[in-house]
Amino acid sequence: MNNSAYSYWMIWLTLFVGLLLQVMPWTASFYFLKPHWLMLILVSWIFVLPHRVGIGTAFLVGIILDLFLGTVLGVHAFIFSLIAYLVLFRFQLVRNLALWQQSFIIFGLSLIYDLLLFIFEIAIYQMITLSPLVFLSAFIDAFIWIWVFLLLQQIRQIFAID
């Protein structure tokens, strides 16, 4: 297997691990503390390898997440595609920022993710489940971003993913 195909498999393996972490059940009292693992891993790969991981990958990962969660097909696909577009729009600028500055960008992307899910819940299910604890999840995403990014950078260096 050549290096190019091998690196694609490693990227998809990390996305699959993110998918498993995303669909892992949490208790109702701690559900709002649950990080958006798949979004963090996807955004990390888009920052580092925008020529390999882009809007199409985000759409496919979103469809797979919709299938795993049993939500309306296309909700997460749309949200991940929009987030990928926003990241790709200014990835040169964002990837040159310090990690603590990137955490603020991740905080904003996590808020966009949660608010779009809220809008889709209202439009599809006609129920309102927005809580101020949504901001806590975005803070957690921003806090763990540094470690997720550094871990994926280590994986990238060990397996020579370009």
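Here are some notes on the fold and on helix H6.

1. Ground rules: this is a predicted model, where local features need pLDDT of at least 70, side-chain atom pairs count only at pLDDT 80 or more, and totals for chains, interfaces and linings use all residues. Numbering runs from 1 along each chain as its sequence is written, and side-chain values use heavy atoms, with hydrogens and water left out.

2. The fold has 7 helices and 0 strands (DSSP runs numbered from the N terminus: H or I of at least four residues for helices, E of at least two for strands). The radius of gyration is 15 Å, close to the 15 Å the globule rule gives for 162 residues, so the protein is as compact as a globular protein of that length (taken over C-alpha atoms; the rule is 2.2 Å times the number of residues to the power 0.38).

3. Buried residues account for 41% of the 162 (buried means under 20% relative accessible area, with a 1.4 Å probe and protein chains only). Of contacts between residues at least 6 apart in sequence, 71% join residues at least 24 apart (contact means heavy atoms within 4.5 Å).

4. Now H6, residues 99–125: its 27 residues reach 37 Å from first C-alpha to last, close to the expected 39 Å (1.5 Å times one less than the number of residues). Gln 126 follows H6 with a positive phi, near 50 degrees.

5. What does H6 pack against? Its buried residues, including Ile 106, Leu 109, Tyr 113, Asp 114 and Phe 118, pack against H1, H2, H3, H4, H5 and H7.

Definitions and conventions:
Buried < 20%, exposed > 50% of the residue type's maximum accessible area, 1.4 Å probe, protein only.
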